[in-house]
Amino acid sequence: MDQLLSPKQVAEAIGTSESSLKRWCDLGLLKTVKTAGGHRRISVHEALRFVREQNHAVVEPHLLSMPATTDRRARRIEGSAERLTEALLADNQQACHAIVFDLFLAGESISRIFDEVVAPAFRSIGEKWECHEAEVYQERCSCQIMLRLLHDLRSKQVPPNPNLVALGATIEGDQYDLPVTMAEIVLRSVDCDARLLGTSIPFDSLVKAVQAHSPELVWLSVSFIADEAGFMEGFQRLSTAASKTRTAIVVGGRALTSEIRTRLSYSAFCDTMRHLEEFGKTLRRQPDSTPKKARNTRKNA
Ligand code: B12
């Protein structure tokens, strides 16, 4: 269950007075719940949402269950990818958390943090590995650190609305779990109940998941294609199943070259997490009564 804080604790976390905080609660800027004794309480998710949206400084991050800030530069996107690369290669989990969570607290969109900080850091680790400047164990260890960080970030998000279900996966043979996990978090940031099924899932099993859950959306992250012909056939089966359940298919990932894409049938291709965020927002705008019908026209990007 989400941890609950008193108005005094939230006020201390952001360096303001308890009376100001209570006034913001009265104005409805912060949602509160009441204890059995009638006292107001604020969930950590809600406090974080407020801090991000209202651009409040956080002076005592630990009160919001956040890692301590390392330095003020960490609140800017510029230079963060380089700092993250260093911290990952040095196996410094604490510094990695601070870099990402500082940007999160500063109100940066999750998609921007992923596209402009995390992805470039891994690109740079890939280049260093290629030039023998980084060891394989450092690359693997960096993935582990980032996965833990992503799970932590996900746990800090406001729980999404359960009416808009999205399922995500990578296909059989594709072990790249960072981008597919990032997509889950990005979709949850736009109030989509995104659930990552996992990595390396055969198409036939994905078809069964679509039939069983009838999700609004399926996202696939494609970083590696082992067998192109098999991929094409499997994708076609998924696409057929998705059109029956009126499920949109969103694809992305480094292995989807423009040549491969022209032969696939999907609802949207996204180059970046930012594109996915924008696409996710449009799903929310569909009328509730006919959430899937309106998106039933498929177009290739
Ligand atoms: C980590 C890693 C691995 C790990 C992954 C482990 C894990 N748990 O995820 C493992 C060990 C599997 C691996 C294996 C290999 N790897 Co590797 N790997 C990487 C590395 C360093 C990072 C990948 C990553 O996660 N990046 C972070 C993500 C978030 O960034 P991204 O993929 O660019 O995603 C962004 C966009 O593409 C987009 N996006 C991606 N997916 C989706 C999905 C949706 C829905 C949307 C909207 C958007 C979207 O948004 C993201 C954020 O902007 C890359 C370097 C690089 N350039 O990325 C090499 C890299 C991809 N690997 C490479 C190689 C060579 C290999 C191996 C062949 C090595 C080997 N000899 O065994 C094997 C291939 C095995 C295989 N079957 O795939 C090369 C590929 C070169 C090429 N020309 O294809 C790279 C580029 C390294 C290099 N510089 O040489 N690798």
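How many aromatic pairs does the structure hold?

## Model and aromatic pairs

The structure holds five aromatic pairs, a pair being rings of Phe, Tyr and Trp (its six-membered ring) with centres within 6.5 Å, called stacked when the planes are under 30 degrees apart, edge-to-face when over 60 and tilted otherwise. One of them joins Phe 101 and Phe 104 edge-to-face, at 6.2 Å centre to centre and 90° between the planes. The model is predicted, with local features requiring pLDDT of at least 70 and side-chain atom pairs pLDDT 80 or more, whereas totals for chains, interfaces and linings use all residues. Residues are numbered from 1 along each chain as its sequence is written, and side-chain values use heavy atoms, without hydrogens or water.

Phe 101 and Phe 104 are three residues apart, about one turn, in helix α5 (residues 93–105); helices (H or I, at least four residues) and strands (E, at least two) are DSSP runs numbered from the N terminus. Both Phe 101 and Phe 104 are buried (under 20% relative accessible area, with exposed over 50% and partly exposed in between; 1.4 Å probe, protein chains only). A single aromatic cluster comprises Phe 203, Phe 231 and Phe 235.

## Cobalt and Tyr 176

Tyr 176 (OH), 2.4 Å away, is the single protein donor to the cobalt atom of the ligand. Donors are N, O and S atoms within 2.8 Å of the metal (3.2 Å for Na, K and Ca); water is not among the atoms, so sites may look incomplete. Tyr 176 belongs to the loop between β4 (161–171) and α8 (177–189).
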